[in-house]
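Good morning, and thank you for coming. Please look at the sequence and the structure on the screen, and I shall then take you through a few parts of them.

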Amino acid sequence: IAFSEAGEIFKAQIKIDHAAKPGTWKRVSTSMASLTVHFGKMLVSSIRPKDIENFKSWRLTDHKVREVTCRHDLHALSKFFQWARKMGYCRENVTEDVAIPSDADAIRMHVLSAADEKLYFAHAVGALHDAGRLLILQGCRPEEVYGLEQEHVDLARGVIHIQRGKTKAARRTLTLTSESKTILGRRLNGKSLWVFPSPKKPAAHIGSLDGSHNRVLTKTGLSFCTYDLRHTFATRLAESGVDLPTLAAILGHSSIRCVQRYVHPTAEHQREAMLKYDLALQADQRAMIH
């Protein structure tokens, strides 16, 4: 069977298997689009490690994608071959002999400075502005903001309820900042189920704002992804002194280990921490002398 034909069957199966995790299906489906362009008419059983190495080079050199993107593509390809082997389309998962970019590349992220934030939101308008502000003010995942239902916003109590998520920790109630309440108050009009309805399909919520986001990046010269607004929130909250268990709960993570990836103290914050530590040591020493 050709890769393109098998890929369509695989995507349909993944959509069923991950019905409760639409983000997983979308990520795999996005990677399969590039994989299908490259492997297309090749028979699944004919693909060898050298062909996958060629795909890596094609993505990283010709398309100039980030290594984390290539990593996602190769993980999707590995899932595909695991499935294809069960289906009898091939005898082995040939991705096992291919080096995949490390986790260090996968978790590389950008934390916005105050200047970056000001410049970005000076150009972001409409849904991009409002959703982006909620990401950086509340620390939500992009899909949590995009899929927020109006009935899950309680302005009287000043909270929003995140009702969907791949883990129990992801389903949580968040206290709103003053600016968040203003933004949401503007958007609660009762005309749609969603806070951010799709302009083309009002019965559905927006699926992505990447197009609008990328246009702002082109205008401003900035370089980051929308998820980095969440990373920025996490870092700022940690620097303000919020303990990691509380930060994990706010971000919707089930463990502190997960949340540590999102905390990136700036060099200045680290310097201030060491100065405070040094002052505390000097105070202890003076106390011991006296």
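Is the crossing of H6 and H10 right-handed or left-handed? The crossing of these two helices is right-handed. Please bear in mind throughout that we are looking at a predicted model.

Let me stay with this pair. Two packed helices are described by the angle between their axes and the distance between the axes. Helix H6 covers residues 114–123 and helix H10 covers residues 210–220. Their axes come within 9 Å and cross at roughly 115 degrees. On the H6 side, the contact is made by Leu119, Tyr120 and His123. On the H10 side, His213, Val216, Leu217, Lys219 and Thr220 take part. Sorted by class, the residues of this contact are 4 nonpolar, 3 polar and 1 charged.

I turn now to the strands. There are 3 strands in an open sheet, in the order S1-S2-S3, and the pairing is antiparallel. Why is one side of S1 and of S3 left without a neighbour in the sheet? Strand S1, residues 153–154, and strand S3, residues 172–175, stand at the edges and have a single partner strand each, so one side of each has no neighbour there. Strand S2, residues 159–162, is joined to S3 by 4 bridges. As an example, valine 159 has threonine 175 in S3 as its bridge partner.

The largest cavity has a volume of about 50 Å³. Which elements each supply at least two residues of its lining? They are helix H7 (126–138), helix H8 (142–146) and S2. The lining includes Leu134 and Gln138, Glu144 and Val145, and also Ile160 and Ile162. Cys140, Leu148 and Leu184 are among the lining residues as well. By class, this lining has 7 nonpolar, 1 polar and 1 charged residues.

Finally, I come to a pocket. The second largest pocket has a volume of about 180 Å³. Helix H1 (3–17) and helix H4 (67–87) each supply at least two residues of its lining. Among the lining residues are Phe10, Gln13, Ile14, Asp17 and His18. How many of its lining residues are nonpolar, polar and charged? The lining of this pocket divides into 3 nonpolar, 3 polar and 3 charged residues.

Thank you for your attention.

Key
Residues numbered from 1 in each chain as written. Predicted model: local features only at pLDDT ≥ 70, side-chain atom pairs only at ≥ 80, totals over all residues. Heavy atoms only, no water. 1 Å grid on protein atoms, 1.4 Å probe; cavity = no way out; pocket = protein on both sides within 12 Å on 5 of 7 lines; lining within 4 Å. Points joined across faces, edges and corners; volume = space filled by probe spheres on them. Nonpolar A, V, L, I, M, F, W, Y, C, P; charged D, E, K, R; others polar. Axes fitted to C-alpha atoms, helices over the stretch in contact; angles between N-to-C directions. Left-handed = near helix turned anticlockwise from the far one by under 90°. Contact = heavy atoms within 4.5 Å. Pairing = 2+ DSSP bridges.
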